[in-house]
Amino acid sequence: MTLAPPESPVLTLRERLFGAPRVRVAAERAVLILHDVTKTYPNGKEALRDVDLVIPEGDFVFLVGPSGAGKSTLLKLLIRDELATRGDVILDGQDLARLSRRQVPKVRRKIGIVFQDFKLLPTKSVWENVAFALEVTGTPRRRIRPAVDRVLALVGLTAQAPQFPAQLSGGEQQRTAIARALVHDPRLIIADEPTGNLDPLISWEILQLLLRINELGVTVLMATHNADVVTALRKRVVALEEGRIIRDEVGGTYHRMD
Amino acid sequence: MISFVAFSLKRAWQGFWRNALMSLAATATMVLMLLLLSGFWIIHTGLLAALNFTESKVNIEAKLFDNAADFQVQDLTVRVAAMPEVAGVEYISRDEALKRFRANRAAQHQDDLTQFLDSNPFHASIEISLRDPAQYGVVQQRLTQEPIVSGVENIQSLVTRVLTVTNFLRTAGAVILFVIGIIVLFIIVNTIRLAVVARAEEIEIMRLVGASDAFIRWPFVFEGALVGLLGALIALGVLGAASDALSRFMFDFFRVLPLTFGSLARDLAVIVFGAGVGLGILGSWVSVRTYLIR
């Protein structure tokens, strides 16, 4: 997960024209690299400061911290809704700052995003909500059906496929959203407070599902306030406070141990 | 590419019907705005025709001496007709002038007093119609210098005043039509923007799952075109239903003016369809744009 050694003499044409990237990445080993990332908003607020973070393939990472610590900003940088003011954000070997506008959608397909408020379309059924992610990215029809059926089976919603979001429980809605996030076969799942709207039992159900997806080889980054879950699972915990990473430990708890 | 267009059209169709209330509100606004535009366009066309008709009445009559020889008249006619400001020249002989006078009196059911005279009291003249009434002075001046012309009535100040009025009306008409056009543009674009904003979350989801800009934009553009097309069809239907009454009402108007209902209807159809579909597309395009550029 370290940066590649500086001796990389062969430059591509693009690198010769625009300068070599400041960070050369062993792309096959890290899904996500943030190097000295600072984000300052136009109003002068510094949301992130000198953030270094490397997430290897297959990792399961909790991102914790109080509201306003910079979690949302960090997630926005990953989906390139915002650009870092300084530093590099490298997703699956691609420097997000160097993407053209046309490339942005393609990179976003490597990420599946799950939100606290599910963000399902109320006029579409479960099946259509999941298929929507493939339709709007131009996937051929014949490949949509098996892919959607597969992820719905994975999250256990095959029976609910024809139902509409309003007919589902909160947990089922979130599982639909997870299915939609998975349907592109992403390298990284970003879950932003996925259990924030759910009661504890259902929250555990969602956690179990995310863990199972992680076991299948998908990297998971989950921002959460749910201390019980974080402490119980003893996964890697990255804690943000006032825009800085104040703690990054494997097998960590929600609060500092000492 | 074909599948992309098919996808966009299908999504546009779905989008229209799944948000029926918003779509129908947009269509209704579209219909009203197109009718407003049509109404003002009809009035403007009528106004222009009336102004042109008025201006075409400005012509110059040059009285000729009775002793002018035929070849002199011939020569004058040819030379005047060759002037760039002149649209047409007509020679009116003394007999012709008398005949016209008598016909005129008869039409007004008045006695023909000329029958009591022993000779024709009228002079021969040439009547000149102008390409542009603003050139009245130039032509009038030239004619007074001709040796066989006995006199040219000078109505320059009247012509100037008429032109002042017609030019003012023409400008005012164009300005009003332009302002109406701008109002229609803004109201339609804003209505469509409302329909797009109502679906901001759908656009947001598309962005997040990695839809390219084209996949987000074109369904909305087609949907805007659909609203425009439907609005134009309904507006033209309303105009068609009203056209019978309208044409009867305006029959005299059209008979006097050099204006035919057929060409008016054709122009109107082009304008209504063009404005409807064009503004529908424009509205969607600019509305979706705000969600794409980050």
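Look at A:Arg109 and what it touches: leaving aside residues up to four places away in sequence, its contacts are A:Thr137, A:His184 and B:Gly210. Keep in mind as you explore that this is a predicted model. On the chain, A:Arg109 sits in the loop that runs between α3 (104-108) and β6 (111-115) of chain A. Is this arginine buried or exposed? It has 20 C-beta neighbours inside 10 Å, and a residue is called buried at 20 or more, so A:Arg109 counts as buried. There's also A:Arg187 to find: 78 residues away along the chain, yet its C-alpha atom is 8.8 Å from that of A:Arg109.

Now move to strand β3 of chain A, residues 60-64. This strand is mostly covered, with four of its five residues buried. Which strands does β3(A) pair with? One is β8 (residues 219-223) of chain A, which runs parallel to β3(A) and is joined to it over four bridges. Another is β9 (residues 236-241) of chain A, again parallel and again over four bridges.

Finally, hop over to chain B and follow helix α6, residues 156-197. With 42 residues at 1.5 Å a residue, this helix should span 62 Å, and its end C-alpha atoms are 60 Å apart, so the two values agree. Several residues of α6(B) are buried, among them B:Val159, B:Val184 and B:Ile188. Further buried ones include B:Thr191, B:Ile192, B:Ala195 and B:Val196.

Terms used:
Residues are numbered from 1 along each chain as its sequence is written. Chains are lettered from A and ligands numbered from 1 in the order in which they are written. This is a predicted model: local features need pLDDT of at least 70, side-chain atom pairs count only at pLDDT 80 or more; totals for chains, interfaces and linings use all residues. A residue is buried if 20 or more other C-beta atoms lie within 10 Å of its own, exposed if 12 or fewer, and partly exposed in between; C-beta atoms are placed from the backbone. Helices (H or I, at least four residues) and strands (E, at least two) are DSSP runs, numbered from the N terminus. Two strands pair if DSSP finds at least two bridges between them. Two residues are in contact if their C-beta atoms, placed from the backbone, lie within 7 Å. The expected span of a helix is 1.5 Å times one less than its number of residues.
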